[in-house]
Amino acid sequence: MTSQRSTWPCGARHWLRGALLLAGILAAGAATPPAAETAPWNWPAVTAETKPWSRWWWLGSIGTPRDFTVEMEKYAKAGLGGLEITPIYGVRGQEDRFRPYLSPDWMKLLEHVLDEGERLGLGIDMSTGTGWPFGGPWVTPEMAARHVVVRSHELAGGKRLTQPLVETDRPVVRVAGPRRSRIEDLKDPVTANANLQDLALDQVRFPRRLELQALVAHSGRGERVDLTSRVNPDGLLDWTAPAGSDWVLYAVFQGWHGKQVERAGPGGEGDVIDHFSSGTLAQYLQRFDTAAKGFRVDRLRAYFNDSYEVDDASGEANWTPRFFEEFRRRRGYDLRAELPAFAGRDTPDRNVRVRSDHRETVSDLLIEEFTLPWAAWAKRHGAIIRNQAHGSPANLLDLYAASDIPETEGTNIVGMKFASSAANLTGRRLTSAETATWLDEHWLSSLGDIKRRVDQMFLGGVNHNCYHGTVFSPPGEPWPGHHFYASVELDPTNPIWADADVLNAYVTRCQSFLQAGRADHDVLLYYPIHDAWAQPGPGRDASAMPHFLGGARPGAYGVAQMLQDRGYTFDFVSDRLLTGIEFRNGGLEIGGGRYRAIVVSDTKLMPAATAARLRKLAEAGAKVIFHRGWPADVPGWGRLEERRAEVRGHLQALRATALAGEDLEALLTQAGVSREGLVDRGLQFVRRRLDRGHVYFLHNGTEKVVEDFVRLEVPFHDAGLFDPMTGKSGRANSRRGADGRGEVRVALAPGETCLIRTFERSVGEGESASPTFRAAGPAVRLTGEWTVTFSSGGPSLPAPFRCRDLKTWTELGGEAARAFGGTAVYRLEFDRPVLDSAVCALDLGRVADSARVRLNGTEVGALISAPWRVVLAPGSALRPGRNVLEVAVTNLAANRIADLDRRDATWKKFYNTNYPARLAANRGADGNFSAAAWTPRESGLLGPVTLVPLAVPAAR
């Protein structure tokens with residue numbers, strides 16, 4: 001590596017007894033590389049996929065093709081790379097403009113959008129339905145989601161059952177909007193009802209007669225008789241219980257779950273499909289094939305599935321008409337033979353084992369009968385699938401692994417790693433995220449807030465952010481236009497859109513590196529799905545996610561969190577994925593990645609096939625670690641003793657080859673796994689392997705500045721530093737530490753990020769193009785009279801004003817300014833002060849909520865979050881003598897929205913759930929969001945504005 005006399009920051013500042021320390025970039029150019037290396041300090045190429053995308057809601061699919069063109073041009077100009085079309089509910093009063101889903105007119109619009117996407121360089125995905133989950137008016141009762149009901153009847157020997165075996169579903173009606181509906185007022189089927197947009201149905205379970213699937217009698221002496229065929233159409237059983245024993249009759253019925261498409265668009269309302277039947281899926285998708293005839297829709301990149309969510313307080317969809325057959329094929333025994341355990345009336349152990357097998361079968365069906373056939377259908381149409389697995393009653397890792405682009409959401413880094421782990425282990429290039437969903441209360445999220453959420457997504461392994469999101473609003477709509485209730489309102493009508501290109505450029509730069517190469521992780525952490533499936537009780541515990549991350553498995557979750565916090569790089573691995581791992585050349589290989597060890601932690605149940613696979617890998621030389629004990633048993637019921645014997649044999653062999661103990665860090669050290677010590681400084685990171693080295697994404701998650709050399713665990717010779725906020729890049733100040741490991745100097749303020757690219761070989765000499773600076777003297781405050789002119793926004797442009805002391809414009813600009821949402825330009829003429837250095841930083845103090853800075857007519861910076869400063873290098877726009885500073889500051893829409901609500905303006909005019917508040921305190925009399933009680937939010941340039949002399953620190 002090459003040691004330089006200067007260091008590149010990731011841009012940082014901090015306070016030392018009132019002295020402002022800032023980091024910046026001196027020169028715009030990069031050092032000229034030697035011929036042997038092509039532009040080592042250049043950013044990777046930008047593509048549509050390296051840019052952020054956004055979920056694109058079409059309310060009622062309203063708008064002309066020209067309207068869509070106008071808005072798409074805005075999206076492209078702001079730096080979006082693509083859009084995901086999700087049609088949803090309509091707008092009241094505009095029913096004549098609704099475009100029914102998949103109608104010829106709708107398909108024509110889709111074709112137009114695809115044409116414009118090609119012209120503008122915008123990729124297009126499309127939800128495979130309106131709202132979520134999959135469903136619509138063409139879903140017949142035979143295709144709809146099902147649930148299972150088990151009833152038992154006790155019968156003495158020699159007696160007959162006199163009551164008919166007839167069960168009726170308990171009526172359920174759930175709605176999303178303010179209107180309440182009674183089951184008596186609804187027609188069966190749901191699609192027979194008028195104005196489904198107004199009804200806003202989330203679930204309708206009619207009191208239909210349940211369908212008998214099986215009737216089996218069990219005696220106290222262990223006898224079993226299948227009586228299904230002896231029940232007549234009226235539900236009467238023709239059978240006398242044999243004398244000599246009491247009997248229990250177990251009847252299994254299937255009913256209609258009643259789940260409706262949530263937030264459905266016009267023409268998309270109706271039942272949700274049975275996700276456990278590939279035949280049903282094929283019928284559902286045939287509607288898309290029919291609609292697409294004659295239209296060029298093969299330019300879609302991906303079909304999308306929003307989170308499964310086919311469950312509710314009344315229970316989950318957990319059955320399909322062929323369930324008994326599918327269960328027997330997969331689990332090796334007939335579930336009808338174990339109905340006492342399925343009903344929870346056998347021994348506790350047997351009950352849990354049979355219920356676990358039921359849950360595993362549901363998981364298998366969701367993967368094999370829905371996800372994989374859906375992916376195959378998309379492939380036949382030249383597309384891929386983007387899939388949200390969370391919320392599913394299945395093994396999330398395997399569901400994500402079956403997806404071309406696995407997509408997560410949320411804020412928990414460990415939870416997000418389910419999607420990114422699946423991508424890494426299957427060699428997928430992209431891990432997507434639904435980013436910034438309902439980030440704060442409506443209209444209170446800033447671009448800086450969105451950036452902070454994006455950074456969390458990056459740390460969870462996401463490298464393809466899809467904002468949640470952007471609503472299409474025809475250009476002529478009165479402000480604020482069309483909006484979706486759970487959105488971050490990243491729309492052209494929102495004032496923050498003025499500087500959205502700055503956020504999008506930041507995301508693009510980060511993703512250009514994070515999509516390159518592959519994840520470089522050391523540990524495979526076994527995912528104990530069977531421990532979760534063995535949890536007793538009915539309901540949502542069929543899904544592992546609530547248990548693994550929600551407290552039922554604190555040990556397993558704690559280990560994952562410990563690895564993350566202590567700087568160990570890891571991916572989760574499932575039983576299925578484990579079968580694809582090979583041990584070659586001293587490493588565990590899968591999906592193009594190499595790992596050093598497999599960790600099995602706090603696991604009670606393990607399938608025999610998994611134990612056999614681990615044994616084979618360990619005997620080949622792989623490092624397999626058993627932490628906090630050995631598995632004690634196998635899951636499930638079939639061939640129980642045989643499988644127990646198999647597992648005992650494999651685990652006995654593993655005791656001779658595997659590592660085991662309570663101290664996981666000691667075990668990892670023994671296995672040759674090291675951690676990234678930079679986390680001890682409060683830095684969080686992502687590490688990826690590139691062709692000639694590695695790249696690190698670093699994030700300062702502390703409240704303090706981190707400004708020092710940090711050790712990297714990967715060997716390197718040269719290193720470059722890249723500032724994703726400004727786009728500047730250059731050689732890093734690197735050195736070897738006392739232990740011989742390479743170190744790179746960074747300077748990061750709280751919340752700031754940078755990327756470090758390392759090179760295994762020298763890429764040539766040359767001075768750093770991007771040195772780090774420290775304060776060389778006291779800050780000098782810029783004084784004088786500021787002229788403030790409102791340039792864009794509304795409801796009207798307040799009159800210009802002048803001030804010497806910077807305050808929120810809601811105090812200085814009069815009544816019109818208190819209601820204003822938009823941009824104002826602050827202008828100050830000043831004489832350059834005498835500074836102790838030719839290099840300085842312009843610090844704006846505080847800004848509400850984003851700013852573009854021009855000095856003497858030249859834009860010198862665009863800022864969306866703290867630190868609010870720009871470095872001015874020698875030869876920059878700062879001149880001797882008189883200078884003109886202009887700062888265009890944009891606030892949030894909050895004050896303008898509050899003004900609308902105080903005037904009772906009609907803008908919340910949407911069907912379905914309309915526009916609910918996130919917080920109860922912001923709920924109006926009609927139940928919708930209201931900002932009428934809000935006090936004016938700080939807006940504008942708040943200062944103080946200073947110039948800080950900077951000096952280059954000596955290298956250490």
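Predicted model: local features only at pLDDT ≥ 70, side-chain atom pairs only at ≥ 80, totals over all residues.

Author: On one side sit Gly 82, Glu 84, Thr 86 and Ile 88, and every one of them is buried. S4 covers residues 82–88, and seven of its seven residues are buried, so the strand is largely enclosed by the rest of the structure. The cut-off matters here: buried means under 20% relative accessible area.

Now look at the partners of S4. Strand S3 (residues 53–59) runs parallel to S4, and seven bridges join the two. To get from S3 to S4, the chain passes through helix H1 (residues 65–77). That β-α-β crossover is right-handed.

The next partner is strand S5 (residues 123–127). It too is parallel to S4, with four bridges between them. Gly 82 has Gly 123 as its bridge partner in S5. Here the chain crosses from S4 through helix H2 (residues 104–120), and this β-α-β crossover is right-handed.

Strands of a sheet pair through backbone hydrogen bonds, either parallel or antiparallel. For antiparallel pairing, go to another sheet. Six strands form an open sheet there, in the order S39-S38-S40-S46-S43-S44. The pairing is antiparallel. Strands S39 (801–803) and S44 (858–863) stand at the edges; each has a single partner strand, so one side of each is left without a neighbour in the sheet. From one strand to the next, the twist averages 25 degrees. Inside this sheet, S38 (residues 786–794) and S40 (residues 821–831) are joined by seven bridges. Thr 789 has its bridge partner, Val 825, in S40.

Turn to helices. Two packed helices are described by the angle between their axes and the distance between the axes. Helix H10 (residues 447–459) and helix H11 (residues 500–514) have axes that come within 10 Å and cross at roughly 10 degrees. That makes H10 roughly parallel to H11, because angles under 35 degrees count as such. From H10, the contact includes Leu 447, Ile 450 and Val 454. From H11, it includes Leu 503, Tyr 506 and Leu 514.

Next, a single residue. Ser 420 is in helix H9 (residues 413–426). Its relative accessible area is 1%, so Ser 420 is buried. A polar atom of the Ser 420 side chain lies 2.9 Å from the backbone oxygen of Gly 460. Beyond its neighbours within four places in sequence, Ser 420 is in contact with Thr 431, Gly 460, Gly 461 and Asp 571.

Last, the backbone. Most residues other than glycine have a negative phi, and most peptide bonds are trans. The bond from His 468 to Gly 469 is cis, with omega near -5 degrees. Gly 469 belongs to strand S18 (residues 464–472). The bond from Ala 848 to Asp 849 is cis as well, with omega near 20 degrees. Arg 263 is not a glycine, yet it has a positive phi of about 60 degrees. Arg 263 lies in the loop between strand S11 (247–256) and helix H4 (278–292). With a relative accessible area of 9%, Arg 263 is buried.

Key:
Residues numbered from 1 in each chain as written. Heavy atoms only, no water. Buried < 20%, exposed > 50% of the residue type's maximum accessible area, 1.4 Å probe, protein only. Polar contact = N/O pair within 3.5 Å; in protein donor to acceptor, adjacent residues only side chain to side chain. Contact = heavy atoms within 4.5 Å. Pairing = 2+ DSSP bridges. Right-handed = clockwise from strand over helix to strand, strands pointing away. Axes fitted to C-alpha atoms, helices over the stretch in contact; angles between N-to-C directions. Parallel < 35°, antiparallel > 145°, perpendicular 65-115°, else oblique.
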